[in-house]
Amino acid sequence: MIPPVHRTSGGIRDYTEEDCGWVSFVKCMRGAGLEVEALIEYVSLFQQGDATAQARKQILIEQRERLEQRLQEMQETLQRLNFKIQKYEKIVLPAEEKLR
């Protein structure tokens, strides 16, 4: 998912600042749930140069839209969970008070 990393003569990866930036970028994007395929395509286009800038931007826009949708769904789920928890608190707390 990241561009090839330079290796030493002994075959050990020798990460540059740019390589670390790519690793950080991919970790961030994957942590947010972006698709592996989209990231692979993005990196491939990046390696092809500036002529692919618009295509790369479009990938990022599409992934942002998917992420915004997921955030909305997660927010709705969080609201439902909070509602359910409040209902349980209304039931459990009075029941516990009766036991005291």
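This is a predicted model: local features need pLDDT of at least 70, side-chain atom pairs count only at pLDDT 80 or more; totals for chains, interfaces and linings use all residues.
Biologist: In which kind of crossing does helix 2 pass helix 3, left-handed or right-handed?
Modeller: Helix 2 passes helix 3 in a left-handed crossing. Residues are numbered from 1 along each chain as its sequence is written, and side-chain values use heavy atoms, with hydrogens and water left out.

Biologist: At roughly what angle do the axes of helix 2 and helix 3 cross?
Modeller: At roughly 160 degrees, and the axes come within 9 Å. Helix 2 covers residues 36–48 and helix 3 covers residues 53–99. The axes are lines fitted to C-alpha atoms, for helices over the stretch in contact, and angles run from 0 to 180 degrees between N-to-C directions. Helices here are DSSP runs (H or I, at least four residues), as are strands (E, at least two), numbered from the N terminus. Helix 2 and helix 3 are therefore roughly antiparallel to each other. The cut-offs are under 35 degrees for roughly parallel, over 145 for roughly antiparallel, 65 to 115 for roughly perpendicular, and oblique for the rest.

Biologist: Which residues of helix 2 meet which in helix 3?
Modeller: On the helix 2 side, Ala38, Glu41, Tyr42, Leu45 and Phe46. They meet Ala55, Arg56, Ile59, Leu60 and Gln63 in helix 3. Sorted by class, the contact of helix 2 with helix 3 has 7 nonpolar, 1 polar and 2 charged residues. Ala, Val, Leu, Ile, Met, Phe, Trp, Tyr, Cys and Pro count as nonpolar, Asp, Glu, Lys and Arg as charged, and the others, Gly among them, as polar.

Biologist: Which residues of helix 3 are buried?
Modeller: Arg56, Ile59 and Gln63. Buried means under 20% relative accessible area, exposed over 50%, and partly exposed in between (1.4 Å probe, protein chains only). Helix 2 is included in what covers them.

Biologist: Why does Arg56 count as buried?
Modeller: Because its relative accessibility is 11%. Leaving aside neighbours within four places in sequence, Arg56 is in contact (heavy atoms within 4.5 Å) with Tyr42, Leu45, Phe46, Gly49 and Asp50. From Arg56 to Leu39 it is 17 residues in sequence and 9.7 Å in space, C-alpha to C-alpha.

Biologist: How far apart are the end C-alpha atoms of helix 3?
Modeller: They are 67 Å apart, which agrees with the 69 Å that its 47 residues should span at 1.5 Å a residue. The expected span is 1.5 Å times one less than the number of residues.

Biologist: New topic, helix 1. At about what angle does helix 1 pack with helix 2?
Modeller: About 150 degrees, with the axes 10 Å apart; helix 1 is residues 17–31. That makes helix 1 roughly antiparallel to helix 2. Helix 1 passes helix 2 in a right-handed crossing.

Biologist: Which residues make the contact?
Modeller: Glu18, Trp22, Phe25, Val26, Met29 and Arg30 of helix 1, with Val36, Leu39, Tyr42, Val43 and Phe46 of helix 2. By class, the contact of helix 1 with helix 2 divides into 9 nonpolar, no polar and 2 charged residues.

Biologist: And Trp22, buried or exposed?
Modeller: Trp22 counts as buried, at 10% relative accessibility. Setting aside neighbours within four places in sequence, Trp22 is in contact with Ile2, Pro3, Tyr42, Val43 and Phe46.

Terms used:
A crossing is left-handed if the near helix is turned anticlockwise from the far one by less than a right angle, and right-handed if clockwise.
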